[in-house]
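Colleague: Hi! Could you walk me through this one? I'm new to it.

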Amino acid sequence: MPPALISHASMPGSASNESREVTADAFRLGAKVQKEKGEAAICPTDDEASVPRSKKHSSSQKKRSLDYLWRSGVAGGLAGCAAKTVVAPLDRVKILFQAHNPHFVKYAGSWWGFGEAIKEIYRQDGVMGLFRGHSATLLRIFPYAGIKFLAYEQIRALVITRKDHETPLRRLVSGSLAGVTSVFFTYPLELIRVRLAFETKREGRSSLRSIIRQIYSENALTVPKNAPTSAHAPALIPRTGLANFYRGFSPTLFGMLPYAGMSFLTHDTVGDIFRHPKLAQWTTLPQPENAPAGKAAPLRSWAELSAGGIAGLVSQTVSYPLEVIRRRMQVGGAVGDGHRLTIGETAKLIMRERGVRGFFVGLTIGYAKVVPMVATSFYTYERLKTFFGI
């Protein structure tokens, strides 16, 4: 074939290649312009729309790597410990109010009472009394927060696979499932912490080991040797042993669904607002050099703390009545006859004692505790993620 014809025959393929190259150059230019303008992803766990599909797949694979898992878990655990330490004294008083401790009932219901309760604890036990049970808290909160944040990252990556799947409902479901996962694995430690915090007697304080033994052996039912088996069928249900470490788990589970779900949903939504192009110059920081491709720009300290604080306020309001029921069920073996109350029985007891207001006892203290706690938690987690380069 003549050279001219050969050259002419090759033109369609060359035009196609040139077209693809022009398109690729335009895509890269658009991505560069978007990056220079500071346009970021919707929230810290999103990939930017400008990241090609292959890179998104690579990012998803990286999130499942062992390196990402341990970094995310450690960041979450340390964030939880920092948050709980900040509010430990408030948590101690809140538990005493919620559980209707006979020595502190007179202080419940007002900020004046809260101050008096703090003074009473300080007179009895000094500063360490305000941190009673805090060691058990840290033992529980590190794995709890670590699992919660880690689970959220992983579940979110599965539930929200594409940008058009980014909906409030999917965020809510991701956060709820993450909360349920973490509380299932760490609930026994939470029960032990509440029992330690509930004790107010000066002498004969229970040690961690004695509390564990006490919980394990509570409500042991015995059946007379000569009694008919059918007459004692309820006794076949385990009333002692490991099952006792999950006392109050049902309301905890129901309470965690709205609490964790609304917490993550609100935080991410407020983060979206702060990262809006019209606000970004005042609310975001420059992207760190070690930031992964597609990661949103970090928020300024005040913006990150505000997002976390608002998330804590909303989630606490939604889940607080179930939290009160849970506390009463958890200390069921520490007061009264040790009878294990159901959710319905506990709710009726609270209603009979104090009416509807009984489900919101300590809520103002709850706000004072949860707002700084959740703000500290999200702030520490996001900063540690930046430090770890994830």
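Modeller: Happy to, and let me start with a term: on a 1 Å grid over the protein atoms alone, a cavity is a set of points where a 1.4 Å probe fits but cannot get out, and its lining residues have an atom within 4 Å of a point. Please keep in mind that this is a predicted model, where local features need pLDDT of at least 70 and side-chain atom pairs count only at pLDDT 80 or more, while totals for chains, interfaces and linings use all residues. Residues are numbered from 1 along each chain as its sequence is written, and side-chain values use heavy atoms, with hydrogens and water left out.

Colleague: Why roll a probe at all?

Modeller: Because rolling a probe the size of a water molecule over the atoms shows where empty space is left.

Colleague: How many cavities of 30 Å³ or more are there?

Modeller: The count is six. A volume here is the space filled by probe spheres set on the grid points, which are joined across faces, edges and corners. The largest cavity comes to about 520 Å³.

Colleague: And which residues lie nearest the centre of the largest cavity?

Modeller: Those are K84, Y144, M256, Y259 and M373, out of 34 lining residues. Two or more lining residues come from each of α4 (66-86), α7 (134-159), α8 (168-198), α10 (249-274), α12 (301-330) and α14 (363-388). The largest share is from α10, with eight residues.

Colleague: What do those α labels stand for?

Modeller: Helices, which are DSSP runs of H or I with at least four residues; strands are E runs of at least two, and the numbering goes from the N terminus. The protein chain has 14 helices and zero strands.

Colleague: Back to that largest cavity: how does its lining split by class?

Modeller: There are 17 nonpolar, seven polar and 10 charged residues. Nonpolar covers Ala, Val, Leu, Ile, Met, Phe, Trp, Tyr, Cys and Pro; charged covers Asp, Glu, Lys and Arg; the others, Gly among them, count as polar.

Colleague: What about the second largest cavity?

Modeller: The second largest cavity holds about 90 Å³ of space. Its lining has 13 residues, with A88, D91, R132, T137 and R193 nearest the centre. Helices α5 (88-98), α7 and α8 each supply at least two of the lining residues, and α5 gives the most, with four. By class, the lining of the second largest cavity has five nonpolar, three polar and five charged residues.

Colleague: New topic: how many salt bridges are there?

Modeller: A search of the whole structure finds 10. A salt bridge means a side-chain nitrogen of Lys or Arg within 4 Å of a carboxyl oxygen of Asp or Glu.

Colleague: Are K385 and E153 buried or exposed?

Modeller: Both K385 and E153 are buried. Buried means under 20% relative accessible area, exposed over 50%, and partly exposed in between (1.4 Å probe, protein chains only). Of the 390 residues of the protein chain, 45% count as buried.

Technical notes
On a 1 Å grid over the protein atoms alone, a cavity is a set of points where a 1.4 Å probe fits but cannot get out, and a pocket is an open set with protein on both sides within 12 Å along at least five of seven lines; lining residues have an atom within 4 Å of a point.
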